[in-house]
Amino acid sequence: MLDEFALTVHLQDVYWEKEGRKSVDAVIIATIFGIFLVFHTVPFGHAADLSGLLLTIYVLLNLIFVLGSALKGKLYIAVFGVFVPVIAILGAIRLADPESLWARQFYDPKGLKMRVAEKRYADVNRIWQPRKDFIWDFVGGKTGRPKQD
């Protein structure tokens, strides 16, 4: 199912397109969860030692930050934030990815926050996107339809 995640989301065959990278993202996120569980890392750390009410409040607060990070387009930070809450807090308070649901909903398209976010993510993408694409090409294959003979 994870391998066909992009097909499930887009309801068309996008495996060899840029949108098909969502399948690779889903597999990598599931792998990260698996690695954490293999090393006996428990979500929410040592908070399990808290009483029932305190643990519930702690988990709900952390999930708010995890959800905020995810809505801001920071999926990997959200995943790590489940296990290390400080990371989720940092992801939630930072500027959103300009293409995220959060930015489209809450940032004025011509406002200062959107301009700063676009500049920041353009700089980040210029530096890190080629590296990320190299890894994704290695894991999931290059995008673009294979040639038909």
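Mentor: Let's start with helix 5: among the elements covering its buried residues are helix 3 and helix 4. Covering here goes by contact (heavy atoms within 4.5 Å). The model is predicted, so local features need pLDDT of at least 70 and side-chain atom pairs pLDDT 80 or more, while totals for chains, interfaces and linings use all residues. Residues are numbered from 1 along each chain as its sequence is written, and side-chain values use heavy atoms, without hydrogens or water.

Trainee: Which residues of helix 5 are buried?

Mentor: Buried means under 20% relative accessible area, exposed over 50%, and partly exposed in between (1.4 Å probe, protein chains only). Helices are DSSP runs (H or I, at least four residues), numbered from the N terminus. In helix 5, the buried ones are P85, A88, G91 and A92. They sit on the same side of helix 5, because their arc around the axis is only 120°, taken from the directions to the C-beta atoms.

Trainee: And which exposed residues does the face turned away from that buried side carry?

Mentor: V86 and I93 are the exposed residues on that face of helix 5. Both also belong to a nonpolar surface patch, along with I77, F80, V84, I87, I89 and L90. Together, the patch residues have about 640 Å² of accessible area, by the Shrake-Rupley method with a 1.4 Å probe. To join, a residue needs over 30% relative accessible area and no salt bridge, and nonpolar side chains are linked within 5 Å.

Trainee: Which elements give two or more residues to the patch?

Mentor: Helix 4 (75-83) and helix 5 (85-93) do, and helix 5 has the largest share, with 5 residues. F80 is a patch member placed in helix 4. With a relative accessible area of 33%, F80 is partly exposed.

Trainee: Where is S100 found?

Mentor: S100 is in the loop between helix 5 and helix 6 (101-106). Like N62, which is buried, S100 is buried too, with a relative accessible area of 7%. The S100 side chain has a polar atom 3.2 Å from the backbone nitrogen of A103. Leaving out residues up to four places away in sequence, S100 touches L71, K72 and G73.

Trainee: How many salt bridges does the structure hold?

Mentor: Side chains of opposite charge can pair when their charged atoms come close. The cut-off is a Lys or Arg side-chain nitrogen within 4 Å of an Asp or Glu carboxyl oxygen. This structure holds 2: K119 with D123, at 3.1 Å from N to O, and D123 with R126, at 3.9 Å. K119, D123 and R126 are therefore linked in a network.

Trainee: How should I read their spacing in the helix?

Mentor: An α-helix has 3.6 residues a turn, so residues three or four places apart point the same way. K119 and D123 lie 4 residues apart in helix 7 (residues 112-140), about one turn. D123 and R126 are 3 residues apart in helix 7, again about one helical turn. As for accessibility, K119 is exposed at 55%, D123 is partly exposed at 30%, and R126 is exposed at 57%.

Definitions and conventions: Patches are made of residues with over 30% relative accessible area and no salt bridge: like charges are joined within 9 Å, nonpolar side chains (Val, Leu, Ile, Met, Phe, Trp, Tyr) within 5 Å. A polar contact is a pair of N or O atoms within 3.5 Å; within protein, one must be able to donate a hydrogen and the other to accept it, and residues adjacent in sequence count only if both atoms are side-chain atoms.
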